[in-house]
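These entries record what I looked up in the structure. I began with the nonpolar core and then turned to the chain contacts and the confidence scores.

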Amino acid sequence: MTTAPQASALPRRPARIALNAGLVIFVVLYAAIAFIQPNYLEPGLFMNFLRRAAPLVILACGQLYVILTGGFDLSMGAVATLVVLAASILINGDPETTWAVIGALYVMGIAVGLVNGLVVAFLKVPSIIATLGAMLSVNGLALAWSGGAARGDLPENFRNLGRLVLRDVPFVGTLPLAVIVLLGFVAIAWWGLNGTVYGKRALVVGDNPRAAELAGTPVAATRILAFVVSAVSAVTAGILLGGFSGVSVNAGEGLELQAIAACVIGGAQLLGGRGSVWSAVFGALSLFALFTLLNLLGLPQALRDSIQGAILIAAVGATVWRGRRRA
Amino acid sequence: MTTDITRITPRAPRLPVSVLLAGLSLGFYIIIALSTGETAQLSPSGILGLFQRMVALGLVAIGQTFVILVGSIDLSVAALISAVAVLASHVMQGDPTMMLPAIVLCLGLCLMVGLINGALVAYGGINPLIATLGTGLVIQGVLAASFGMLQGAVAREFQVLAYGGLLGVPYSLVLLAALSLAAAFVLDRTLFGARIYAVGGNPDGARLAGIRTEQVILSAHVVASLFAGASGLYLAARLQSGTPWIGRDGIYDLESIAVTVIGGTILAGGKGGVAGTLAGVLLFASLDAGFNMLGIDAFLKQVLRGAIVIAAVAVHAVRTKGHVA
């Protein structure tokens with residue numbers, strides 16, 4: 001009798017804590033931004049902030065799937081670079097082909113995700129090594145294909161995905177297309193984890209793969225699908241990046257570590273078993289707010305890394321400390 | 001009874017893996033050299049050149065082996081290598097009398113970084129990937145921001161480390177060999193080594209057996225940082241002056257992990273050793289040299305490298321019974 005209310009209260013608790021960690025850091029950082037630059041409180045600038053943060057948030061959502069199942073995906077940044085370079089070479093300024101090429105990009109991304117997943121699930125290569133190999137290969141492929149320099153051209157309708165801002169939208173005033181993509185992606189990612197059996201399976205596999213297998217969970221399929229979701233998010237982020245920052249050979253450099261950092265700051269647990277879409281979303285927004293804040297403060301670009309590192313350690317340290325206190 | 005004892009001799013099956021890997025690497029190198037007609041690469045100086053390719057990555061990887069054996073990981077080595085190379089050239093400013101202070105200062109920095117990494121992981125309970133990624137970012141940022149004030153060059157006498165030699169054998173190779181032997185000795189023959197395997201294999205069991213697991217993890221991180229420092233000093237000697245990006249451009253963090261795992265050390269800890277790691281480094285060096293002889297495009301080289309990393313690990317990972325993440 002007495003255990004019944006406890007049982008219903010327990011599952012909610014980790015979710016609430018995960019939400020708090022990322023959200024609180026984000027609100028504090030955004031308040032600091034608004035303190036320095038009050039017009040960041042206007043809807044227009046906030047939308048613009050969301051637009052620029054969109055690729056990182058999307059990447060973090062994809063990375064979260066892999067982290068939940070207990071792995072890492074280091075190949076995301078390379079996939080994003082490949083997408084940007086491949087799009088400009090394949091489309092080469094011809095707006096007619098844009099949608100077909102976007103389809104081809106997703107096929108490429110899914111292929112990389114499948115390879116990652118199959119290598120981890122069946123060849124038993126630890127994901128950090130498997131996706132490191134994929135990162136080297138995909139990066140090399142992108143550079144070999146483009147000859148080591150950006151070439152080709154992106155037409156207007158491709159770049160609009162990252163760049164176009166809809167005006168005179170009721171309530172919010174302006175609404176960038178990238179924010180619509182962002183909201184759509186987050187909604188699908190949330191549905192995947194909370195509205196389907198897959199979400200439960202991912203958590204179980206991350207928590208204890210052996211127990212999950214004994215309980216009849218298709219462990220290999222769950223893992224593989226996580227890597228595919230991660231690669232799809234990298235393609236989506238790459239398309240947005242190509243839209244607003246144009247073509248460059250290091251478009252995706254370092255994004256994989258930022259995505260992992262974002263999930264961890266938001267309260268997702270490395271090696272699996274705990275975390276929600278909100279940890280990825282608010283972790284990524286916090287990280288991006290931090291970058292924005294450091295820019296506004298006029299700190300040298302290089303120190304951005306240092307502060308990111310310190311925040312990362314502090315965020316995880318705080319989680320560990322809270323865990324110990326509760327135990 | 002006696003057969004049982006001989007069958008469970010610890011780490012006996014490990015040696016063939018490293019020997020096999022080293023044999024394959026050398027075989028690949030020799031076949032490529034013969035088939036491309038670059039027979040000069042097979043002369044003693046050519047072979048020494050091949051081995052010298054191993055020094056920078058080899059030194060970091062030995063240190064990485066210690067932390068991986070203990071069940072941790074170190075992603076900060078790349079940034080630390082850059083920091084040491086820059087610091088060494090800044091302190092020396094081409095002045096040979098400043099060589100010793102520079103080396104001492106660099107190793108002091110490494111000691112500090114190792115202690116911080118170890119403390120965060122062992123006593124702070126922070127996931128080693130995040131903790132060392134964080135310290136690496138902090139070092140990298142400070143270094144890049146202050147590089148304008150930190151220029152200089154190492155003393156000409158210091159460059160002997162990279163270019164000089166004893167009886168035709170480069171000092172850098174002697175250094176690598178000596179440090180490898182020392183590391184292997186520590187792991188195989190000393191109490192500290194036994195404790196490393198114990199803590200990596202089963203931390204709870206090791207604690208119950210009375211080992212202070214935190215101290216062992218902390219020490220392993222200090223060892224890794226010192227080896228990264230040695231690698232940084234070697235690179236400074238070879239390049240005459242350090243830049244804040246030499247560690248990152250060489251991807252020494254991820255490559256040192258890759259060669260360690262290729263060499264048969266398990267990421268979860270407790271199993272593996274220096275011999276396998278060196279064989280992994282030799283594989284990378286032979287591949288590099290072989291691809292150069294074949295004149296393979298730099299980008300394609302990277303594609304092949306990535307595939308080989310996966311394949312090499314898969315060869316012995318595929319037999320794993322349980323699940324890996």
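I looked up the largest nonpolar core of this predicted model, and it holds 216 residues. I took such a core as a set of buried Ala, Val, Leu, Ile, Met, Phe, Trp, Tyr and Cys residues joined through C-beta atoms within 7 Å; buried means that 20 or more other C-beta atoms lie within 10 Å of the residue's own, with C-beta atoms placed from the backbone. Val57(A), Ala60(A), Val79(A), Val264(A), Ala284(A) and Ile81(B) touch the most other members. Helix H12 (residues 213-239) of chain B supplies the largest share of this core, 16 residues; helices are DSSP runs of H or I, at least four residues, numbered from the N terminus.

I then listed the contacts (C-beta atoms, placed from the backbone, within 7 Å) of Val264(A). Apart from neighbours within four places in sequence, Val264(A) meets Leu270(A), Gly283(A), Leu312(A), Ala315(A), Val316(A) and Ile130(B).

Next I examined the two chains together: 42 residues of chain B are in contact with 45 residues of chain A. On the chain B side, H7 (128-146), H14 (252-262) and H16 (298-317) each give two or more residues, and H7(B) gives the most, with 14 residues.

Chain B averages a pLDDT (the predictor's confidence in each residue, from 0 to 100) of 86.

For reference, residues are numbered from 1 along each chain as its sequence is written, and chains are lettered from A and ligands numbered from 1 in the order in which they are written. In this predicted model, local features need pLDDT of at least 70 and side-chain atom pairs count only at pLDDT 80 or more, while totals for chains, interfaces and linings use all residues.

Notes. Buried ≥ 20, exposed ≤ 12 C-beta atoms within 10 Å, placed from the backbone.
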